[in-house]
Amino acid sequence: EALTVFSSNYYQNILNKEFDKATDWRKKAILENNLLPVEKRFPLKEFIYQHNDDEAVIGYQKGAMLFVSLFEQFGEEKFFEAIRDFYKTNQGKVANWADVKIVFEKHNPNPEQFSMEETFDFWLNSTQLIELAFEDVSYSDGRISGILKKDDPINLLVPIQINFENDKLEKEIIMDENQVKFMFKVEKTPISIEIDPNAFLMKKISQQSIDSCRSDGRTHKTE
């Protein structure tokens with residue numbers, strides 16, 4: 001069902017080149033998971049079917065975000081290679097998450113950087129949201145540098161955005177440790193730097209961001 005939600009509710013926006021709608025879907029999925037009370041969170045692997053909206057947040061939105069994460073790590077071609085292999089291998093069978101992991105392990109384009117064992121263990125068994133933060137960010141002599149920190153050992157590809165007065169620069173940081181130093185050359189003086197502004201990662205978001213989303217009319221409902 002998570003794959004169905006990914007295909008029909010998310011990837012359809014990519015096919016239609018409605019990228020703003022795709023971004024809005026990701027932001028809502030992350031927001032709903034942040035709004036879910038800690039006592040109502042449970043591992044994705046335990047989801048069977050929806051009894052209420054809270055369970056749908058885990059089973060549908062978090063489940064679909066797992067496929068968003070794989071889509072970004074693999075790239076479109078390799079991702080759908082794995083999906084076609086999954087359907088071919090499991091046609092007529094009752095498949096489970098272990099079967100999904102097997103095909104993505106088989107087609108993983110970067111096994112040295114992104115372990116599918118680690119990835120699926122985090123998404124299926126953990127109930128926590130990853131916390132990401134900058135530390136000691138500075139700008140000097142055309143370079144912006146600092147430390148990016150996370151609170152979970154899972155390897156991540158973290159999008160960041162460096163903002164200028166009338167422009168922006170998008171970069172990615174591979175986090176294979178809980179603290180990673182970074183340095184980027186820039187041609188202008190930056191005014192701010194953001195972590196994952198377009199919402200590709202299932203992460204903790206600040207109370208200020210949650211309040212901002214609520215003021216935009218987003219509520220705790222599932223689509």
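Q: Before we start, what does "buried" mean here?
A: Buried means under 20% relative accessible area, exposed means over 50%, and partly exposed is in between. Also, keep in mind that this is a predicted model.

Q: Ok, how many salt bridges does the structure hold?
A: It holds nine salt bridges. One of them joins the side chains of D196 and K203, at 2.7 Å from N to O.

Q: Is K203 buried or exposed?
A: K203 counts as buried, because its relative accessibility is 9%, under the 20% cut-off.

Q: And what about D196, buried or exposed?
A: D196 counts as buried too, at 3% relative accessibility.

Q: Switching over, which residue does K40 pair with?
A: K40 forms a salt bridge with D54, and their closest N and O atoms are 3.1 Å apart. K40 sits in the loop between α2 (19-35) and α3 (53-74) while D54 is in helix α3, so the pair ties together parts 14 residues apart in sequence.

Q: How accessible are those two?
A: K40 is partly exposed at 42% relative accessibility, whereas D54 is buried at 14%.

Q: Which side of the cut-offs do they fall on?
A: K106 is exposed, with 61% relative accessibility. D85 is buried, with a relative accessible area of 10%.

Methods:
Residues numbered from 1 in each chain as written. Predicted model: local features only at pLDDT ≥ 70, side-chain atom pairs only at ≥ 80, totals over all residues. Heavy atoms only, no water. Salt bridge = Lys/Arg side-chain N within 4 Å of Asp/Glu carboxyl O. Helix = DSSP H or I, 4+ residues; strand = E, 2+ residues; numbered from the N terminus. Buried < 20%, exposed > 50% of the residue type's maximum accessible area, 1.4 Å probe, protein only.
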